Structure formats: structure tokens, C-alpha cells
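This briefing walks through one protein structure, topic by topic, for a reader who is new to reading such models. Please keep the sequence and the 3D view at hand while you follow the points.

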Amino acid sequence: MSQNAKLTTRDYLLSIQHLFAMFGATVLVPLLTGLNPSLALFSAGVGTLIFHCCTKFKVPVFLGSSFAFLAAVTSITRPEGTVIPENVPLAQGGIIFAGLVYLLFALIVFIVGSDKIKRIFPPVVTGPVIVVIGINLASTAINDATGNLSLADGLTPAIALNLGIALFTLLIVILCSIFARGFFKLVPILIGIAAGYLLCVILGAAGIFHMDYSAITSASWINIPYVTKDSNGVGFMTIPKFSLGAILSIAPIACVTFMEHIGDITTNGTVVGKDFLKDPGLHRTLMGDGIATLFAGFTGGPANTTYAENTGVLATTKNYNPKLLRITAVFAIILGLFGKMGAILQTIPGPVKGGVEIMLFGMIAAVGIRSLAESNLDFTHSRNLSIVGLILVFGLGFGQLGGLNVVIGSITLNISGLFIAVVVGVLMNLILPEVPDTTRDSRKDK
């Protein structure tokens, strides 16, 4: 379809389908981190429009909440499992610097070209780093699935009920992912959340499960910037604050999402039949992501990233008009301005989120494994084994310990396991010589 063609009712319906495709994942990030869900929708919509302006309105992409930043943001906003509204501005500061890292990469790509940048972050580095992101979030999924109840006393009736709800939700997501067709196959997360929520409502009416609807009754109908707040006390737009510890925990993750961005734009171009890395150019798509993330950081939304879910809609419908995504962005902005909408999302029970997270976080780790498999790396070479092994051990080890605390005078900095993994991977890839493992060849000769 031509970009200049007149939009029809069917096109608006396709835009709503794009809205549903991105909806589940975009609102799940703020639900997990404690950021304002309504603001996440609003900043995603505005961020998408910013992206399209930066890319000459040529790339049919929707920007949504990035899962790569989950662990780092959660460690700041929910250090003990409960949202601390006063810490949200600190996370904003880190997200702002992540946006600046994107812009720095955009400048470097513009100067040296995209091919040279790809060599610093090859699949042998980015693959295991993505695995680290998924596995480090596994404990969060299990905690939510059990209702954050202690497992020290064994499988109590309360924990069994929560696990049952989580497994039911997980089953719906799996069934939709594998057996559903058409539109329903594109939104398994949303369907799983809806089914799990409905189950909890039924169990709540029967007095078996407790449902808390107080967030809905206390929420404002219209969100007013810097005035209205959600049930956690987190405002709809807040002024950021800057902490070196938060910046060092969050900003380096942009090094990982940078390579994810290249993969997403490449995939999007393959579906559409165009090379967006050349026209409008990788530097422009990175600039779009960077400015959109800066906007999210300054207002209080999650860091943004290009969404593969919407690329799936493009592939299914064969309608590649970027205008459809811009209409979707407007819909997201409108939804974000209605406070009751965000409040409904906050009433989603922990076990329902946990069931979705089990699938989602596992898929993140699986994407990293798939990246390694598709790159055709030869793991008979000690060099590749060493790089992947060190990234996994440092990333997972320090991640389970809560990162590495570095004391500089009166300031204590928490260096995340993911940051350590990225640094170790990049350095090892640059230092170790790219030579065949002669040990294996010599064994063959014997």
C-alpha cells in the first residue's frame, strides 16, 4: 500500500491491531518496575512519533517499553519488592543517560559506518548477554508466581493457589503462541493476562482469592502531568534526579539494546523488502530510539525500543504503511491520558503477572541462545567458549549477588552484573586473537 494513499476504516482497525500487539508487553514493564503504566503508554506513543520524525517517516516501527532495563530499574524503584516513589526520579536519570548512549552510538555510526560498529558487538558477545538478562529475571517471575510468599515453609495452600493461577495463565499463553491463528497468535501475552485476570475475578467472587480494586476507585479519570498519581504514589510525569549509581546501573544496558536495535531494524526491513540500515540509515533509527528514550526519562516512562510484535503484524497483514503505526501511537497517547485505564492494569494480581513472566523471561534467554545458534559460531574453538562462559559466569554470578558495590568516598555505587558481563565480553572479544583452536586439529591428526 502506498504511504500517500487515503486511509480507510480497515486501516484504522489495523492500527488498533498494532495497539493490541504492543499493549501487553508495553504495560507489563511498568507493572514490574513500579513506573506509571499510563505514562508508559503515553511515552511509547510520543516516542513512536519522535522515531518516525527522525527516520523521515519511512520505517513502519512502534516503540514500546524495553525489557532489557527491567532488572536495573527494578533494583532502584523496588529494592525490597515494594515500590518506592521517591526512587523513580533516580531511575529516570539513568534512563536519560541510556538515551544519551543511544545518541552517542548514532553519532559514531554516522562517522565510521555501521559495519565497523557491528564488529565490537558480535553475536558471541550479545547472545550470552541477552541470556544473562533473561535468567537474572527468573527469580522475579517465580516470586510473583508464588505471590511473593516465602517458600521456606513448603507448599502452603496459599502458595499452591497462586502457583495454580500462574500456571493457568502460562498455559493460556503457550496455547495461544503455538495453536492460535491470525490476530490471536500475535497477542498471546494479552490473552493470557485477560484469562488469568478473569479467573482471579471469579475466584475472588467465590471468596477463594483476594482481589484489590482500590487502585481503580482512587485513580483520576484524566491524568494531569505532575499532578495525578497512581496507586503506588508514582506521578504521571515526574522530574528526574541524577545519581551516579543509578546511571552506571542503567545507562550501560543501552550497549546491549543497541545490537538488539540493529537486529530489529534488519528484521523489519526484511519483512517490508527495504534496507532501512541504508535508507534512512542506522544512525537515524538510533537517533529516533535515543530521543524517544530521552523523552521517556524526562517524563518518567520506561526506556523505549523497537517492537518485534508489531513487525509480526506487518508480516501477517502485508500492509507496510508507516502511517498505521503513527495512528497506533496516537491511540496509545489517548489511552495513557485516562487514569482509570492505568489503574485497571495495576489491579492485575501478582500470580497472573508471574505466569506471563515465566514465559516472557524464558523467551528472552531463548532469544540469546537463538542469536548464538543463528550466528553459526564454532564452539569447538576455545576463544568462543571462553567469551561466552565468562559472560555467563560474571553476569549471572554478580547478578544473583545483587551486583558489585564499589565505595568511592561517601558514595556507594552498585555495578550491575549485566554491566560487568558486557564489559567482560567486549574486552575479551577485542583481546583474544581470532585464530582456530589448534588443540582440536592436533587431536584429529593423532
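This is a predicted model: local features need pLDDT of at least 70, side-chain atom pairs count only at pLDDT 80 or more; totals for chains, interfaces and linings use all residues.

Helices here are DSSP runs of at least four residues, numbered from the N terminus, and that numbering is what lets us say that Glu374 and Arg370 both lie in helix H18.

**Salt bridges**

- The structure holds two salt bridges, and one of them joins Lys58 to Asp279, with the closest N and O atoms 2.9 Å apart.
- Lys58 sits in the loop between helix H2 (37–54) and strand S1 (63–65), while Asp279 belongs to helix H14 (residues 277–299), so this pair ties together parts that are 221 residues apart in sequence.
- Lys58 is partly exposed, with a relative accessible area of 29%, and Asp279 also counts as partly exposed, at 39% relative accessibility.
- Another salt bridge is formed by the side chains of Glu374 and Arg370, at 3.8 Å from N to O, and these two residues of helix H18 are four residues apart, which is about one turn of the helix.
- Glu374 counts as exposed because its relative accessible area is 56% and the cut-off for exposed is over 50%, whereas Arg370, at 48%, is partly exposed.

**Nonpolar cores**

- The largest nonpolar core has 99 residues, and those with the most contacts inside it are Phe67, Phe69, Ile250, Phe258, Leu286 and Phe361.
- Helix H1 (residues 9–33) supplies the largest share of this core, namely ten residues.
- If neighbours within four places in sequence are left aside, Phe69 is in contact with Ala98, Ile250, Ile253, Ala254, Thr257 and Ala303.

**A nonpolar patch on the surface**

- Trp221, Ile222, Ile224, Tyr226, Val227, Ile239, Val330, Ile334, Leu337 and Phe338 form a nonpolar patch on the surface, and together they have about 1000 Å² of accessible area.
- Ile334, one of the residues in this patch, is found in helix H16 (residues 322–337) and is partly exposed, with a relative accessible area of 43%.

**Thr347, a buried residue in a loop**

- Thr347 has its place in the loop between helix H17 (339–346) and helix H18 (350–374), and with a relative accessible area of 6% it is buried.
- The side chain of Thr347 makes a polar contact with the side chain of Tyr197 at 2.7 Å, and the side chain of Thr347 also reaches the backbone oxygen of Ile344 at 2.6 Å.
- Not counting residues up to four places away in sequence, Thr347 touches Tyr197, Met211, Asp212, Tyr213, Ala215 and Ile216.

**Thr306, a buried residue in a strand**

- Thr306 is placed in strand S2 (residues 304–306), and it is buried because its relative accessible area is 5%, where buried means under 20%.
- The side chain of Thr306 makes a polar contact with the side chain of Asp264, at 3.0 Å.
- When residues up to four places away in sequence are not counted, the residues that Thr306 touches are Phe51, Val61, Phe62, Leu63, His261, Asp264, Ile265 and Asp289.

Definitions and conventions
Residues are numbered from 1 along each chain as its sequence is written. Side-chain values use heavy atoms; hydrogens and water are left out. A nonpolar core is a set of buried Ala, Val, Leu, Ile, Met, Phe, Trp, Tyr and Cys residues joined through side-chain atoms within 4.5 Å. Buried means under 20% relative accessible area, exposed over 50%, partly exposed in between (1.4 Å probe, protein chains only). Contact means heavy atoms within 4.5 Å. Patches are made of residues with over 30% relative accessible area and no salt bridge: like charges are joined within 9 Å, nonpolar side chains (Val, Leu, Ile, Met, Phe, Trp, Tyr) within 5 Å. Accessible areas come from the Shrake-Rupley method with a 1.4 Å probe; for residues, only the protein chains shown count as cover. A salt bridge is a side-chain nitrogen of Lys or Arg within 4 Å of a carboxyl oxygen of Asp or Glu. A polar contact is a pair of N or O atoms within 3.5 Å; within protein, one must be able to donate a hydrogen and the other to accept it, and residues adjacent in sequence count only if both atoms are side-chain atoms.
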